[in-house]
Amino acid sequence: MKLIDVINARRVIINKASVKGISFGTSFKFMKFMKATDDDQKFYEEKRNELIEKFATKDENGTPIYEGDKYSFTDENFKEVNKQLVELAETEVEISESLKFTEQELDKMEFTIEEVSAIYDLIKE
């Protein structure tokens with residue numbers, strides 16, 4: 001499974017974990033998945049922050065400039081940071097079969113197509 005898929009699946013699981021009516025077994029598996037992928041999330045965030053620190057345009061104090069809702073980059077640095085972020089996102093991550101879900105475990109919850117797409121690789125067929 002790709003690192004970005006793990007990150008996106010975590011977002012869906014965090015959102016669904018607060019829904020009432022989830023069985024204990026599914027809630028427990030949600031928790032196990034989150035704990036098992038904590039290091040993956042930390043790794044992604046650390047590497048992403050390192051890339052921002054390295055490539056973002058900086059102010060006079062050497063702090064990356066954040067404008068509106070995004071960091072500022074020169075055109076050249078923007079291309080490079082995006083290239084490296086794609087490489088980071090494509091990093092392969094091992095997910096144990098025991099952390100994957102059956103359709104029955106997820107059946108009582110409502111999902112958007114986008115959410116199903118985000119957890120698709122975690123569903124046992």
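**Exercise 1. Val93**

Val93 sits in the loop that runs between H3 and H4. The model you are looking at is predicted. Work out whether Val93 is buried or exposed, and which residues Val93 is in contact with beyond its neighbours within four places in sequence.

*Solution.* 
- Step 1: start with accessibility. Val93 has a relative accessibility of 9%. Buried means under 20%, so Val93 counts as buried.
- Step 2: look for the contacts. With neighbours within four places in sequence left aside, Val93 is in contact with Met1, Leu3, Val6 and Asp40.
- Step 3: take Asp40 from that list and compare sequence with space. Val93 and Asp40 are 53 residues apart along the chain, while their C-alpha atoms are separated by 7.9 Å.

**Exercise 2. Helices H1 and H2**

Find the angle at which H1 and H2 pack, and name the class of packing that follows from it.

*Solution.* 
- Step 1: locate the helices. H1 covers residues 3-17 and H2 covers residues 24-55.
- Step 2: read the geometry. The two helices pack at an angle of about 135°, and their axes are 10 Å apart. That angle makes H1 oblique to H2.
- Step 3: The crossing of H1 past H2 is left-handed.
- Step 4: see who meets whom. On the H1 side, the residues include Leu3, Val6, Arg10 and Lys16; on the H2 side, they include Phe30, Phe33, Thr37 and Asp40.
- Step 5: sort the contact by class. The contact of H1 with H2 has 13 nonpolar residues, two polar ones and four charged ones.

**Exercise 3. Two residues from that contact**

Then do the accessibility step for Thr37 and find which backbone oxygen its side chain reaches.

*Solution.* 
- Step 1: Lys16 has its place in helix H1.
- Step 2: Thr37 belongs to helix H2. At 0% relative accessibility, Thr37 counts as buried.
- Step 3: the side chain of Thr37 reaches the backbone oxygen of Phe33 at 2.8 Å. Not counting residues up to four places away in sequence, Thr37 touches Val6, Arg10 and Ile95.

**Exercise 4. Helices H2 and H3**

Now turn to the contact between H2 and H3. At what angle do their axes cross, and how do the residues of the contact divide by class?

*Solution.* 
- Step 1: H3 spans residues 75-89, and its axis and that of H2 come within 10 Å and cross at roughly 165°. Since angles over 145 degrees count as roughly antiparallel, H2 is roughly antiparallel to H3.
- Step 2: H2 passes H3 in a right-handed crossing.
- Step 3: H2 brings Phe43, Tyr44, Lys47, Arg48, Leu51 and Phe55 to the contact, and H3 brings Asn77, Glu80, Val81, Gln84, Leu85 and Leu88.
- Step 4: by class, these residues divide into seven nonpolar, two polar and three charged.

**Exercise 5. Gln104**

Is Gln104 buried or exposed, and how far is Gln104 from Thr26 in space?

*Solution.* 
- Step 1: Gln104 is part of helix H4, residues 103-106. With 62% relative accessibility, Gln104 counts as exposed.
- Step 2: Gln104 and Thr26 lie 78 residues apart in sequence, and their C-alpha atoms are 9.6 Å apart in space.

Note on methods:
Residues numbered from 1 in each chain as written. Predicted model: local features only at pLDDT ≥ 70, side-chain atom pairs only at ≥ 80, totals over all residues. Heavy atoms only, no water. Axes fitted to C-alpha atoms, helices over the stretch in contact; angles between N-to-C directions. Helix = DSSP H or I, 4+ residues; strand = E, 2+ residues; numbered from the N terminus. Parallel < 35°, antiparallel > 145°, perpendicular 65-115°, else oblique. Left-handed = near helix turned anticlockwise from the far one by under 90°. Contact = heavy atoms within 4.5 Å. Nonpolar A, V, L, I, M, F, W, Y, C, P; charged D, E, K, R; others polar. Buried < 20%, exposed > 50% of the residue type's maximum accessible area, 1.4 Å probe, protein only. Polar contact = N/O pair within 3.5 Å; in protein donor to acceptor, adjacent residues only side chain to side chain.
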